[in-house]
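Visitor: Could you walk me through this protein?
Guide: Gladly; here it is.

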Amino acid sequence: MRRSRFVALAALLPALVGGRLAAQDTGQDPGQNPHGPLKVECSTCHVATSWTVVRPAKQFAHAPATFPLQGAHASTSCRACHRALDFTGTPTACVSCHKDVHQGELGADCARCHSARSFVDRATMLRQHQTARFVLTGSHAAVDCEQCHTAKGQGRLAFTNTPSRCEDCHLDRFAATRNPDHTAGGFSRDCNQCHATALWTPARFNHAAGRFPLTGAHRAVACDQCHANNRFAGTPTACVGCHLTDWQGTTNPSHQTLNFPQECTQCHSTVSWSGATFDHTVTGFTLTGQHKSVACTDCHKNGVFAGTPTTCVGCHQQDYAGTTNPNHQAAGFPTDCASCHTTAGWAGATFNHDGTFFPIYSGAHRGQWTDCATCHTSPTNFATFTCLTCHVHDKPTMDAKHQGRAGYTYDSQACYRCHPQGRAG
């Protein structure tokens, strides 16, 4: 039976190849092909075992035609597009088979966003969005289109003139936020100042873009420590705006009693409230040497800062009075300690003897003495000096050298009068 049906079908093939069926085979008048002028080998679509069995569309050589089958098109049935099995003149525009839910708003080029692989092809739509006014990043790349592209009151998707401001989609979240209250705090509706598209929380605010960049410990405190009761706009930036109680409670020294300025940055830094340092150069008395390491109370007794003397003797009167080598007080030394001493150390004083009097730090007398008493035998009168401590045995030699010199005497004062720089001649 099967063989006879195959033989019968085989007998029909010549007619089918020619695109015509005999009247007794088709029940139609001669020349009436059910596919119109389609001239294709019948076996391209039909199989010999059954006339009604049609090969899958993907096996049909659609590619050489004007509409190559790709993606889902390759697996759909022929009748989905060729409803009357009319294969000539079938339109190829997407909207011929697919309803335009955009109502012409985006034109007829569906391939801008859709692909044959899937009508809802997120990868294709995402690529197209990256060339638009609003590039999708973070969570925006994962949400459904209708969350942003819904024409209110029209029940359809809308893509043109879609607003791109954060508040257009997130105003409800802005109004509902209480920690902190964005509305009461006068927050900007430009959400990306604090939020990122990756996640709505945690939020970060760029304080550096405002009037008060956060540094040191300020970067670690909670927002409500400075912005109490959700107050953001108009928050004071002066130190005392937050630290007045610290200023009032400080006793070492008492800022309030001593009328310290309330500009805390003169002594404190944002790293830590303790360990304050004061820029002494603004007072006219720059700290150098040992002055830099002493405690403030060493000079500022009883918490007195205003009016503190800047002369050396103001702090070093006892040092001056107690010095015996030489005795400064008995000898009537000036109280301008800096003429001999430096702030590096009280000991190791140097006096400009060479520039004012006799050279003892240079020339022949350099290193020939031990202390002031070597030459100045009277501790109370430095105008008195002697050369004979060292030159006591030089008299015979000096007498011979000065023979015939008028007014010569082997006397210290005479020596100094003729040799004020300690040089022969």
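Guide: What follows is a short chat about the whole chain and then two of its residues.

Guide: This is a predicted model, in which local features need pLDDT of at least 70 and side-chain atom pairs count only at pLDDT 80 or more, while totals for chains, interfaces and linings use all residues. Residues are numbered from 1 along each chain as its sequence is written, and side-chain values use heavy atoms, leaving out hydrogens and water.

Visitor: How many helices and strands does the protein have?
Guide: There are 14 helices and four strands, taken as DSSP runs numbered from the N terminus (helices: H or I, at least four residues; strands: E, at least two).

Visitor: And how much of it is buried?
Guide: Of the 425 residues, 16% are buried, where buried means under 20% relative accessible area, exposed means over 50%, and partly exposed lies in between, using a 1.4 Å probe and protein chains only.

Visitor: Okay, where is Thr 177?
Guide: Thr 177 sits in the loop between helix 5 (166-176) and helix 6 (223-226).

Visitor: Buried or exposed?
Guide: Thr 177 counts as buried because its relative accessibility is 18%.

Visitor: What does the side chain of Thr 177 reach?
Guide: That side chain comes to 2.6 Å from the backbone oxygen of Arg 173.

Visitor: New topic: where is Phe 357?
Guide: Phe 357 belongs to the loop between helix 11 (353-356) and helix 12 (388-391).

Visitor: Why does Phe 357 count as partly exposed?
Guide: Phe 357 falls into that class because its relative accessibility is 40%.

Key: Polar contact = N/O pair within 3.5 Å; in protein donor to acceptor, adjacent residues only side chain to side chain.
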